[in-house]
Amino acid sequence: MKNINRRNWLKTSVLGLGSLSLASSELFAKGTGSSAGNWSSQSMVKEIILPPMNEVKMRARLSANENPFGPSAKVQKAIAESISVGNRYGHADAAYLISMIAEKEGVKPENIMLGPGSTDLLEKTAIVLCKDGGNVVSADPTYMSLVNTAEKIGGSWKAVPLKSDYSHDLPGMSSAIDSKTKLIYVCNPNNPMGAITEGGSLKEFCKSASKKAPIFVDEAYLEFMDKPADNTMAGLVAQGYDVMVARTFSKIHGMAGLRVGYLVATEERINSITSLVRGTMGLCVTSLKGAIASMQDEQFLTDCRKWNKESREFTLDKVVSMGFSPITSHTSFMIFPIEHEGRAFSKKMMDQGVGIRVYSMYDSSWCRVSMGTMDEMKLFVDALKVSTT
C-alpha cells in the first residue's frame, strides 16, 4: 500500500449517495492546527450519484451506516400493536417520549424537540437560523445536510479543514467565527471520517464559542462509543449554554427507516425553532411507540454496541493485514484509501453482492464500509480481496 500524500486526497468527487463534503488540498491544515483565515467559502467536491444498487443481488448492504441488528424484537412488537391506533394522533406518545429523553439527558421536557430523524432537525435549525443569511462554521470534511440547507436559503459556509489526526480544528473554527456567523456545526464522532474530537476540549470550545453564536453538535454515532457520556455535550444545555445536541434512533437503535430523532437545547432555542416549524407532527404513532420501546430495551443497545465493536475490530484486523490504512473509527463505519479507480472498484464490490460507499480523492479512492453482521463483514473482506487484486 503506497503512502498517500494527505495534501492530495481532499479535492474530489464523492461516489455514491449522501450529503458529504471534502475540502480541497490547498485548504487542509498542516500539522495539528490551522491559522486564522485558513478556511474555505465553498466545497470543491462534486457529488456523483451512481445507479441504484441491485437489491436482489445484495448480500451485504454496507453503504448507509444502518444497524443490521435492529429494530429490536420489543420495538417490532410495540409497532405491530400500535397499528390498531393508527387512526389517532400520537401527541400523548410524543409527550411521554420527550419525558423519557429529558430524564436520560438530565434536562427538562422543555429542552427537547422531536423530529423524524436528526437530519430533519439539522435542516430545520439551518432554516430558522440562516433564513436572513449569515454564515455557518464547520469542519471539512463533515456531514453536510445542515450546511447544504443553509447555503440553499442564502447562507454561506466557512469550512475549516480537519487536523492531521482528523479531529476538529477547534482553534481554527474559533478564528472563523465573525459577526455574521449564525451557527457553528460540529459532527462528533465525525462522518465520513469516523474520528472523535476529545470531549474535554470540545466542551471548553462550546462554552467559549457559544457566547458568540449557537453551536449544533451532531451526536448521531456517539452511542457506539464505549463511554458516550464522556463525550456528549448535552450536559452543557442544563448549564445554560446555547448548545444544541442532536441524537437519532436511526443508528444504534436500528430504526433508520422509522425516522425518529431529537434535539436537546435551551428552552429559548427550542422555542425559536418551534415558533416557525413543528417537530412532533412529522412523527407517526407507530414510530413513537417503537422509540419508547427501544429506550426501554437497554440490553439491546448494549448488545448492538458490543456487536458493532466486534465487527469493527474484525474488519480492522483484516483490512490492515491486507495493507490498507484505515482511520481509527469510533462509529459504525470505517474508511480507508484504496489504489483502484472508485467507480470500477464499487462495481466489482457490487458484482459480488457487497454495497459500500466510495470517495474519489485526487490521486486516490477511499472506501467507506458500514459495519454489518459478522457474516456480512466476512463477505466484505472476501469481496475486497477480489476487487483490489
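User: In which loop does R259 lie?

Analyst: R259 lies in the loop between strand 11 and strand 12. Strands here are DSSP runs of E with at least two residues, helices are runs of H or I with at least four residues, and both are numbered from the N terminus. One caution first: this is a predicted model, so local features need pLDDT of at least 70, side-chain atom pairs count only at pLDDT 80 or more, and totals for chains, interfaces and linings use all residues. Residues are numbered from 1 along each chain as its sequence is written, and side-chain values use heavy atoms, with hydrogens and water left out.

User: Why is R259 called partly exposed?

Analyst: Buried means under 20% relative accessible area, exposed means over 50%, and partly exposed is in between (1.4 Å probe, protein chains only). R259 has a relative accessible area of 31%, so it counts as partly exposed. Its backbone also stands out: R259 has a positive phi of about 60 degrees and is not a glycine.

User: What is the phi of N65, and is N65 buried or exposed?

Analyst: Phi of N65 is near 55 degrees, a positive value in a residue other than glycine. N65 has a relative accessible area of 2%, so it is buried. N65 lies in the loop between strand 4 and helix 1. For background, most residues other than glycine have a negative phi, and most peptide bonds are trans.

User: Which peptide bonds are cis?

Analyst: The bond from G70 to P71 is cis, with omega near -5 degrees. P71 lies in the loop between strand 4 (60-61) and helix 1 (73-82). The bond joining D140 and P141 is cis too, with omega about 10 degrees. P141 is in the loop between strand 6 and strand 7 (142-143).

User: What makes strand 11 largely enclosed?

Analyst: Six of the six residues of strand 11 (residues 243-248) are buried, so the rest of the structure largely encloses it. Both faces are covered. V243, V245 and R247 are buried on one side, and M244, A246 and T248 on the other.

User: How do you know which strands pair with strand 11?

Analyst: Two strands pair if DSSP finds at least two bridges between them. Strand 10 (residues 215-218) and strand 11 share four bridges in the parallel sense. F216 has M244 as its bridge partner in strand 11. Strand 12 (residues 261-264) is joined to strand 11 by four bridges, and these two run antiparallel. There, R247 stands opposite Y262.

User: Why are strand 5 and strand 8 placed at the edges of the sheet?

Analyst: The open sheet has seven strands in the order 5-12-11-10-9-6-8, with mixed pairing. Strand 5 (112-115) and strand 8 (156-161) each have a single partner strand, so one side of each is left without a neighbour in the sheet. Strand 6 (residues 135-140) pairs with strand 8 in the parallel sense over six bridges. V136 stands opposite W157 in strand 8.

User: What lines the second largest pocket?

Analyst: A pocket is an open set of points on a 1 Å grid over the protein atoms alone, with protein on both sides within 12 Å along at least five of seven lines; a cavity is a set where a 1.4 Å probe fits but cannot get out, and lining residues have an atom within 4 Å of a point. The second largest pocket is lined by 19 residues. K104, E105, E223, R247 and E298 lie nearest its centre. Helix 2 gives the most to this lining, with five residues.

User: Which residues line the largest cavity, and what is its volume?

Analyst: The largest cavity has a volume of about 40 Å³. Grid points are joined across faces, edges and corners, and the volume is the space filled by probe spheres set on the points. E66, N67, P68, F69, F224, C304, N308, S332 and M371 line the largest cavity.
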